[in-house]
Amino acid sequence: MAVITILLIAAPAAAQFPDKFTNLKVLPKDISKAQLTSTMRGFAFALNVRCEHCHVEKPEGSHKFDYAVDDKQTKKTARVMLQMVAAINADYLSKIEKPNKLGKAQPIQVQCVTCHHGLAQPRTLLAVLSEAIETKGIDAAAALYQELRKQYYGSGQYDFGETTLNQLTESLLAKKKNQEALAIMEMNFASNNPQSMWAYHMLAMTHEANGQNDKAIADYRKVLELHPDDSWAKSQIDSLSGAK
């Protein structure tokens with residue numbers, strides 16, 4: 001739906017572009033209308049935004065823009081980001097050679113989409129959920145995960161797999177946020193049904209941290225089903241069994 005929306009907006013917006021451009025500070029001053037249109041469409045797809053994200057719309061909702069003015073911080077930020085991308089490609093990646101099948105070196109290039117992946121703010125799901133837990137609590141964070149998963153699953157913006165939630169659990173346990181950690185791991189198993197040794201280790205550790213030793217023992221036994229040689233899981237079972 002977002003892609004279709006951008007396509008519908010791009011045509012009338014491009015039609016407004018003047019034949020000559022003013023106030024170009026990063027893009028080439030002699031850029032053609034076709035090149036500028038293509039460049040702007042690339043930005044829109046990379047960030048999943050429309051023209052009004054950076055440009056002033058007059059009047060609001062008209063899809064008519066004053067492209068030259070610099071009133072929006074997002075436009076100023078975009079210029080800095082373009083300079084950063086150019087510097088990375090020119091000063092660093094140009095020094096790295098990646099041979100292709102013919103043995104010729106192909107320069108590696110980064111683009112806006114390399115980091116953004118269709119997000120206006122390129123933040124990882126781990127960062128988003130961590131902030132939500134700190135500012136709004138675990139229930140709000142869990143609801144946010146489900147909302148984002150429903151909206152973005154399969155599109156590549158966020159990693160909804162077990163890795164993100166395993167890492168988040170590790171950080172919560174390190175902060176002694178044991179109940180929050182358990183809630184995240186329970187959500188992980190409900191949403192992703194992970195079968196990795198790592199996931200079961202994390203589930204066991206959260207159960208143990210919350211005093212649920214019987215469940216922790218069951219988790220470690222599941223680890224041994226997956227990896228019979230896991231000596232740490234064996235030692236944890238012995239230790240927890242002896243503590244009962």
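Lys-25, Asp-70, Lys-75 and Arg-79 are linked in a network of salt bridges, a salt bridge being a side-chain nitrogen of Lys or Arg within 4 Å of a carboxyl oxygen of Asp or Glu. This is a predicted model, in which local features need pLDDT of at least 70 and side-chain atom pairs count only at pLDDT 80 or more, while totals for chains, interfaces and linings use all residues. Residues are numbered from 1 along each chain as its sequence is written, and side-chain values use heavy atoms, with hydrogens and water left out.

**Salt bridges**

- Side chains of opposite charge can pair when their charged atoms come close.
- The structure holds 7 salt bridges, and one of them joins Lys-75 to Asp-70, with the closest N and O atoms 3.1 Å apart.
- Both Lys-75 and Asp-70 are buried, where buried means under 20% relative accessible area, exposed means over 50% and partly exposed lies in between (1.4 Å probe, protein chains only).
- Arg-123 forms a salt bridge with Glu-131, and the closest N and O atoms of this pair are 3.1 Å apart.
- Arg-123 is partly exposed, with a relative accessible area of 30%, and Glu-131 is partly exposed as well, with a relative accessible area of 43%.
- Lys-222 forms a salt bridge with Glu-225, in which the closest N and O atoms are 3.4 Å apart.
- Lys-222 and Glu-225 both lie in helix α10 (residues 213-226), 3 residues apart, which is about one turn of the helix.
- Lys-222 counts as partly exposed at 23% relative accessibility, whereas Glu-225 is exposed, with a relative accessible area of 58%.

**Overall make-up**

- The secondary structure of the protein chain comes to 11 helices and 4 strands, where helices (H or I, at least four residues) and strands (E, at least two) are DSSP runs numbered from the N terminus.
- Of the 244 residues in the protein chain, 33% are buried.
- Among contacts in the protein chain with a separation of 6 or more, 50% are between residues 24 or more positions apart, contact meaning heavy atoms within 4.5 Å.

**Packing of α7 with α9**

- Helix α7 (residues 162-174) and helix α9 (residues 197-209) pack at an angle of about 30 degrees, with their axes 10 Å apart; axes are lines fitted to C-alpha atoms, for helices over the stretch in contact, and angles run from 0 to 180 degrees between N-to-C directions.
- That makes α7 roughly parallel to α9, since angles under 35 degrees count as roughly parallel, over 145 as roughly antiparallel, 65 to 115 as roughly perpendicular and the rest as oblique.
- The contact involves residues of α7 including Glu-162, Asn-166, Glu-170 and Leu-173, and residues of α9 including Trp-198, Met-202, Met-205 and Ala-209.
- The residues of this contact of α7 with α9 divide into 6 nonpolar, 5 polar and 2 charged, with Ala, Val, Leu, Ile, Met, Phe, Trp, Tyr, Cys and Pro counted as nonpolar, Asp, Glu, Lys and Arg as charged, and the others, Gly among them, as polar.

**Packing of α7 with α8**

- The axes of α7 and helix α8 (residues 178-192) come within 8 Å and cross at roughly 170 degrees, which makes α7 roughly antiparallel to α8.
- Residues of α7 including Leu-165, Leu-168 and Leu-172 meet residues of α8 including Ala-181, Ile-184 and Met-185.
- The residues of the contact of α7 with α8 divide into 8 nonpolar, 5 polar and 2 charged.

**Backbone geometry**

- Most residues other than glycine have a negative phi, and most peptide bonds are trans.
- A cis peptide bond, with omega about -15 degrees, joins Lys-58 and Pro-59, and Pro-59 is found in the loop between β1 (56-57) and β2 (65-66).
- Lys-176 has a positive phi of about 65 degrees although it is not a glycine; Lys-176 is found in the loop between α7 and α8 and is exposed, with a relative accessible area of 67%.
- Asn-193, also a residue other than glycine, has a positive phi near 45 degrees; Asn-193 is found in the loop between α8 and α9 and is exposed, with a relative accessible area of 52%.
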